[in-house]
Amino acid sequence: MAKETAGRRLRALAVAAVVLCGLALVPAQPAYPQSGAMIQPVGGRVTGVLASRCGSIDSDHYGVDIAGNNGMAIGAAYPGTVVFAGWSAGGGNMVTVNHASGYQTRYLHMVQQPAVTVGQQVGQGQVLGYVGSTGNSTGPHLHFEIRRNGAVYDLTPAYSCGGTVTKGAAINLAFPDLASPADPVLDRFAFVNSAGVLYAKDGAYSSWRAVNSGGASKVALSGNWIGWVQGGNFYAKDGIYGEWLTLAGGGQVRDIAVSGNRFAFVNSAGVLYAKDGAYSSWRAVNSGGASKVALSGNWIGWAQGGNFYAKDGIYGEWLTLAGGGQVRDIAVSGSRFAFVNSAGVLYAKDGAYSSWQAVNSGGASKVALSGNWIGWAQGGNFYAKDGIYGGWLTMAGGGQVSDIAVSGHDWFAFVGGGNFLAKQGPYAGWLTMAGGGQVSDIDVTT
């Protein structure tokens, strides 16, 4: 069988070499430092490699087919610029990305319109769209191509019929003149269990690492920073393996937030403190009464006396975003602001000086923002909208949702029944990140 498969592959490649419409087949080079610079855009079973359809020959097939569930997120194999994002007759919804040194990657058959636009710069692993079966396709899969200077790249050393690939893993090919990205886009996950042990990991399929030995009650992630509340103190690490830093002691910390290199906390008297840089001095933002803080970019938002206030920077002027004493939860992402009032009505707006828009009619208890996504918990369920005026999506039902998180790369996560579940993309299946019924707090960041 192996001999027959090998022979079939050789015949397929021979046919492809003849009929690739004038396109030369670029052989994979011997491995050297640039090997593995690109990563797998999805995970799944290989059902076609170039001309071989794993059982038949198709001389007009120039990539690898990776079968996957409808709605699985597709990540960029390497940083680059989107040069096509739209519909093609054979490829359906597809994206083409140009990279350094003449490389190009193509991603076909997406379930819906791509998540990126022409001219957009994308990072490695950034979501381009979701697996589907549009165009000339017989089932949900990603057709993935690599080309260099217009020539089809030889993928056969990295893919074999019936084999499986893992999303985010290095593609086992050499890429001459293509350096490994200095700052690959990572997805970090963290949770606190019932014993207060904080766990974190980089990548959905990697192993969890304990960050502390117990006593944590809340976690906040941003970039490489991991912040947490433990024994009423605010601690942080610059990366999972970084040294502990005590940012605020005294046993009075009640809420924390981290965004980039900015840190903030609320103490037991409701005084909100913020600083830029882990080693700089704290600055009081208010005089007391705060209960919750949210950071994004230069914005500092907080709930105080049932009202929603914000400052554009630590030294900015106070803005009353929502008064009336009924604010129960808040969120900030970029220039988007959101809050939930005492009736559970969720309001959102783009821009500090614009008007509020109601997102639901009541019953919400928590809100989370990221990019264009608005997520909220309502009646124990997890709902989301792609923009203020988008349609409702029920992300998770069953009435067991107790906490939610939304992050870059279209990650959605929730705590249900004490378990941590997450998925990348609104239409993908849920992954059980941590079971055992002991998860109490979660966060996800890119």
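The legends below describe close-up views of a predicted model.

In this predicted model, local features need pLDDT of at least 70 and side-chain atom pairs count only at pLDDT 80 or more, while totals for chains, interfaces and linings use all residues. Residues are numbered from 1 along each chain as its sequence is written, and side-chain values use heavy atoms, with hydrogens and water left out.

**View 1. The largest nonpolar core and Tyr-159.**
The largest nonpolar core has 35 residues, where such a core is a set of buried Ala, Val, Leu, Ile, Met, Phe, Trp, Tyr and Cys residues joined through side-chain atoms within 4.5 Å, and buried means under 20% relative accessible area with a 1.4 Å probe and protein chains only. Those with the most contacts inside this core include Met-38, Leu-128, Phe-144 and Tyr-159. Two or more residues each come from elements including β2 (44-49), β3 (64-67) and β10 (141-148), strands being DSSP runs of E with at least two residues, numbered from the N terminus. Leaving aside residues up to four places away in sequence, Tyr-159 touches Gln-40, Val-46, Val-49, Val-64, Ile-66, Phe-144, Val-165 and Ile-171, a contact being heavy atoms within 4.5 Å.

**View 2. The aromatic pair Phe-308 and Phe-337.**
There are 34 aromatic pairs, counted when ring centres of Phe, Tyr and Trp (its six-membered ring) lie within 6.5 Å, with planes under 30 degrees apart called stacked, over 60 edge-to-face and the rest tilted. The rings of Phe-308 and Phe-337 have centres 6.5 Å apart and planes at 65°, so this pair is edge-to-face. Phe-308 lies in strand β26 (residues 307-312) and Phe-337 in strand β29 (residues 336-341), 29 residues apart. Phe-308 is buried at a relative accessible area of 0%, and Phe-337 is buried at 1%. Ring pairs also link these two with Trp-299, Phe-339, Tyr-347 and Trp-356 into a cluster.

Strand β22 (residues 272-276) is joined to β23 by 2 bridges, and Tyr-273 has Ala-284 as its bridge partner in β23.

In strand β36 (residues 401-407), 6 of its 7 residues are buried. This strand runs antiparallel to β37 (residues 411-416), joined by 6 bridges, and Val-406 stands opposite Phe-412. The hairpin has 3 residues between the strands, and His-409 takes a positive phi near 65°.

Terms used. Buried < 20%, exposed > 50% of the residue type's maximum accessible area, 1.4 Å probe, protein only. Helix = DSSP H or I, 4+ residues; strand = E, 2+ residues; numbered from the N terminus. Pairing = 2+ DSSP bridges.
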